[in-house]
Amino acid sequence: MNLVLVGFMGSGKSEVGRRLAELLDMELVDTDDIVESRAGASISRLFEQEGEPVFRALEREAVAEAAGTSERIIACGGGAVLDPRNVDVLRSSGVVFYLEIGDEDAQRRTAGNESRPLLNVGDREGEIRRLLEERRPLYESAAHHRIFVDGKSIEEVVQEVLDIWRR
Ligand code: S3P
């Protein structure tokens, strides 16, 4: 059984995943890392040189690879839920947690980070609002459990995930 983390950019999937991996003594895999190592390029560069569809195709392979074995923590890129095939693969490989972040925290927690091509646009605030609105239902239907992260520390979020995981 895998422990899968989905949610918007900045919701803390990577950090929460790292901490959970330590505490549960499980391996952490991050779909963005798999994509970058397969492509031999950063995600920014991939978007720039190949475009989003190529990134999404690599992401789909990364999700399938990550979910292909068990007893792992899988931190997914924020857009992994856009493809229903990813959702199926993830849900059937384990328990999916949606780290739910609101507009304001998402703005704050992604500010100053240039490594997310989707947010390097003129109207960043508007784009975050738009993407969140579009994706909220997808995260909700992908997840078995929903954890609100606004205003919480990584440790608090980790504890909430653990309480459910250990039930
Ligand atoms: C994306 C989220 C990013 C990364 C890529 C696209 C998205 O991952 O996969 O920039 O579509 O939301 P993080 O959620 O880890 O930032």
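How far does a polar side-chain atom of R116 lie from an oxygen atom of the ligand? In this predicted model, the separation is 2.6 Å. The protein covers 94% of the 390 Å² of accessible area that the ligand has on its own.

**Ligand surroundings**

The ligand is surrounded by 13 residues. K13, D32, R56, R116 and R135 are the closest of these. Sorted by class, this shell holds 5 nonpolar, 3 polar and 5 charged residues.

| Residue | Protein atom | Ligand atom | Distance |
|---|---|---|---|
| R116 | polar side-chain atom | oxygen | 2.6 Å |

**The pocket**

Which pocket corresponds to the space taken by the ligand? That space is the largest pocket, and its volume is about 660 Å³. Its lining is made up of 30 residues. Nearest the centre of the largest pocket lie M9, K13, S14, D32 and R116. K13, D32 and R116 are also listed among the residues closest to the ligand.

Helices contribute to this lining: α1 (13-24), α2 (31-39), α3 (43-49) and α4 (52-67) each provide at least two of its residues. In terms of class, the lining of the largest pocket comprises 8 nonpolar, 11 polar and 11 charged residues.

Note on methods. Residues are numbered from 1 along each chain as its sequence is written. This is a predicted model: local features need pLDDT of at least 70, side-chain atom pairs count only at pLDDT 80 or more; totals for chains, interfaces and linings use all residues. Side-chain values use heavy atoms; hydrogens and water are left out. A residue is near a molecule or strand if one of its heavy atoms lies within 4 Å of it. A polar contact is a pair of N or O atoms within 3.5 Å; within protein, one must be able to donate a hydrogen and the other to accept it, and residues adjacent in sequence count only if both atoms are side-chain atoms. Accessible areas come from the Shrake-Rupley method with a 1.4 Å probe; for residues, only the protein chains shown count as cover. On a 1 Å grid over the protein atoms alone, a cavity is a set of points where a 1.4 Å probe fits but cannot get out, and a pocket is an open set with protein on both sides within 12 Å along at least five of seven lines; lining residues have an atom within 4 Å of a point. A molecule sits in a cavity or pocket if more than half of its atoms lie within 2 Å of its grid points. Ala, Val, Leu, Ile, Met, Phe, Trp, Tyr, Cys and Pro count as nonpolar, Asp, Glu, Lys and Arg as charged, and the others, Gly among them, as polar. Grid points are joined across faces, edges and corners, and a volume is the space filled by probe spheres set on the points. Helices (H or I, at least four residues) and strands (E, at least two) are DSSP runs, numbered from the N terminus.
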